[in-house]
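These are my notebook entries on one structure, set down in the order in which I looked things up.

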Amino acid sequence: MLRALMFILPIALTIYAFIDCLNTPEDETKHLPKVAWVFIILLFWIVGPVVWLVAGKTRRSTAGGGAAGPWRREPRPRWVAPDDNPEFLKSLRDGGRDGDGASGGDAKDDALLKDWEADLRRREEELKRRDQDGGGKGDGDPKQP
């Protein structure tokens, strides 16, 4: 088992470094062009991957620390979950309204609501008249005995 590990570990390290080098953008490689790093990793398959991992790539700290200088580029914009995005939460509080406080469909929605309320009042008055005239019976309702 130990003998197999002596062959598997360098091969795995070489494969990892090779794929990492291929996926690294050209402007993040240090000291040599990307093509040269690929040859170093493949030709010197024990030392090459170690050198690539130690000195071949610009590593970014996870905390975003370090002094800013002319050689550093701006960080890439990161995706933010909707519940952590203040702009999205503000749009929910506004209810999808424009900056002036009115959405495009407010007038149409208000007119539709007024029509429904008028129709409801008309039906309620009609039911009251039916109840007063016939006493609620004999008006063709099959559910009543």
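I take helices as DSSP runs of H or I with at least four residues and strands as runs of E with at least two, numbered from the N terminus; contact means heavy atoms within 4.5 Å. Buried stands for under 20% relative accessible area, exposed for over 50% and partly exposed for what lies in between, with a 1.4 Å probe and protein chains only.

I note that this is a predicted model, in which local features need pLDDT of at least 70 and side-chain atom pairs count only at pLDDT 80 or more, while totals for chains, interfaces and linings use all residues. Residues are numbered from 1 along each chain as its sequence is written, and side-chain values use heavy atoms, with hydrogens and water left out.

Which residues of α2 are buried? I listed Lys34, Trp37, Val38 and Ile41. They lie on the same side of α2, because they cover an arc of only 100° around the axis, the arc being that of the directions from the helix axis to the C-beta atoms. On the face of α2 turned away from that buried side I found the exposed residues Val35, Phe39 and Leu43.

I then checked the pairing of α1 with α2, whose axes come within 10 Å and cross at roughly 175°; axes are lines fitted to C-alpha atoms, for helices over the stretch in contact, and angles run from 0 to 180 degrees between N-to-C directions. The crossing makes α1 roughly antiparallel to α2, a term for angles over 145 degrees. Thr14, Ala17, Phe18, Cys21 and Leu22 of α1 make the contact with Lys34, Trp37, Val38, Ile41 and Leu42 of α2.

Next I turned to Thr29, which lies in the loop between α1 (2-23) and α2 (34-43). Is Thr29 buried or exposed? I recorded Thr29 as buried, with a relative accessible area of 14%. Leaving aside neighbours within four places in sequence, Thr29 is in contact with Thr24, Lys34, Trp37, Trp52 and Gly56. I also noted that a polar atom of the Thr29 side chain lies 2.8 Å from the backbone oxygen of Glu26.

For the protein as a whole, I wrote down 5 helices and 0 strands, and 12% of its 145 residues counting as buried.

Technical notes:
A polar contact is a pair of N or O atoms within 3.5 Å; within protein, one must be able to donate a hydrogen and the other to accept it, and residues adjacent in sequence count only if both atoms are side-chain atoms. Angles under 35 degrees count as roughly parallel, over 145 as roughly antiparallel, 65 to 115 as roughly perpendicular and the rest as oblique.
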